Amino acid sequence: MSDLAAPSGPDRPARRGLGRSGVEITPLALGTSGIANLYTPVTEEQAYEAVRTALRRGIRHFDTAPHYGLGLAERRLGAVLRELPRDTYTVSTKVGRRLEPSDADGDDLAHGFAVPATHRRVWDFGADGVRRCLEASLERLGLDRVDAVYLHDPDDHEEQAFREGYPALERLRSEGVVGAIGAGMNQTAMLTRFVRDTDVDVVLCAGRHTLLDHSAAAGLLPAALDRGVSVVVGGAFNSGLLADPRPGATYDYAAAPAALLERALRIKEAAERHGTSLRAAALAYCAAHPAVAGVLVGARSAAEVDDCADRFAEPVPDALWEELRATGLL
C-alpha cells in the first residue's frame with residue numbers, strides 16, 4: 001500500500017524499545033489530540049490525511065486516549081490504521097477516564113475539545129474500571145490489541161492508581177493483552193515513583209523535558225535510565241511557545257510569561273545563527289537523552305505532520321548546545 005512505502009533518507013524509521021517489553025516504537029510519534037478537534041474542529045478527511053501523512057513519513061507509533069474528543073481520536077485513528085497490516089505500526093492508549101453516555105446539551109470545550117458533549121468522563125483507576133476503559137478503547141479503535149497502555153493523569157488519584165490501577169495493568173500485561181504498561185502525566189514526581197516502585201516499562205512525560213523546562217532531568221530521567229524504563233516525551237513545544245515564540249503564544253496552555261517568551265526568542269535567535277530552527281532544536285533536545293525512546297508531536301493536518309517530520313530530521317549542530325549552555329539558556 002502506498003501509505004507503507006519505505007521512506008528514504010532521513011525519514012527512514014529506526015525503532016527503540018519500551019523497557020524490556022519487546023515493544024518497539026519509532027523515535028518520532030504522532031499524538032492524536034489535535035485530530036480530535038482540540039480547540040477547533042478538524043474534518044474527518046483532514047484527520048485521516050494527517051495519519052496517512054505520518055505513515056508516509058515513517059512515523060509508525062501513534063498515541064491516543066479516550067479523553068481526546070470523547071473518543072473521537074481513537075475512532076479516527078482506528079479508521080485509518082485498521083486497514084493496514086497490524087505489525088506495521090504500534091499504538092498506545094490510556095486508562096483512568098471512563099466515558100459514560102450523557103444527555104447534556106452543548107459541547108466539550110470546557111475540556112478543550114470542539115465536540116458534542118455526548119459523554120462524560122468518570123475518573124476510575126480501579127481494576128474493573130481499567131479493564132472496562134481498555135475494552136471500550138479497543139472497540140472504538142476497531143483493533144484487537146494495543147501495544148502500550150498508560151494510566152492517564154492519576155495526579156489526584158495516586159493511591160488508587162498504585163493500589164489498583166497499576167496491578168490491573170500488570171495482569172493485562174501478564175495475560176498478553178498489552179505489551180507495555182506505564183503512566184502518562186504532566187509532572188515528574190509521581191512518574192519517578194512509578195519508575196522506582198513498580199515494574200512499568202515506560203512513562204509518558206509531557207512538557208517537563210523541554211528547552212524551557214528541565215525538571216525531568218533532576219530525577220525522572222536518571223531513575224528511568226538506572227531502572228531500564230523508557231521515557232516517551234510529549235509537549236516538546238510546551239503547547240506552542242517553542243513552536244512559534246511571539247506575544248500571545250501559549251506555554252502549558254496558558255499565556256506565556258514575558259520572561260519565558262524572551263528566553264524562547266533568544267534560543268530561536270541562537271538556533272538560526274547556527275543554521276537550524278527553534279522547532280528542530282526543541283525536538284532534538286527531547287530525543288537526545290538515552291532514556292528517551294520517542295518524542296510525541298501533536299498535529300492536526302498533513303502540513304503540520306510534514307513540518308514536524310522535517311524538523312525532526314533537521315541537523316542541529318553541537319555548537320548550538322555549547323552556546324546555549326555557555327549563555328545559561330540551557
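Is Phe 194 buried or exposed? Select Phe 194: its relative accessible area is 0%, so this residue is buried (buried means under 20% relative accessible area, exposed over 50%, partly exposed in between, with a 1.4 Å probe and protein chains only).

Before moving on, a word on what you're looking at. This is a predicted model, where local features need pLDDT of at least 70, side-chain atom pairs count only at pLDDT 80 or more, and totals for chains, interfaces and linings use all residues. Residues are numbered from 1 along each chain as its sequence is written, and side-chain values use heavy atoms, with hydrogens and water left out.

Now zoom out: searching the whole structure turns up four aromatic pairs. Rings of Phe, Tyr and Trp (its six-membered ring) pair if their centres lie within 6.5 Å; planes under 30 degrees apart are stacked, over 60 edge-to-face, and the rest tilted.

Next, pick Tyr 68 and Phe 113. Their ring centres are 6.3 Å apart and the planes sit at 35 degrees, so this pair is tilted. Tyr 68 counts as buried at 14% relative accessibility, and so does Phe 113 at 2%.

Last stop: show Arg 193. Arg 193 lies over the face of Phe 162, 3.7 Å from the ring centre (the rule: NZ of Lys or CZ of Arg within 6 Å of the ring centre and within 35 degrees of the ring normal).
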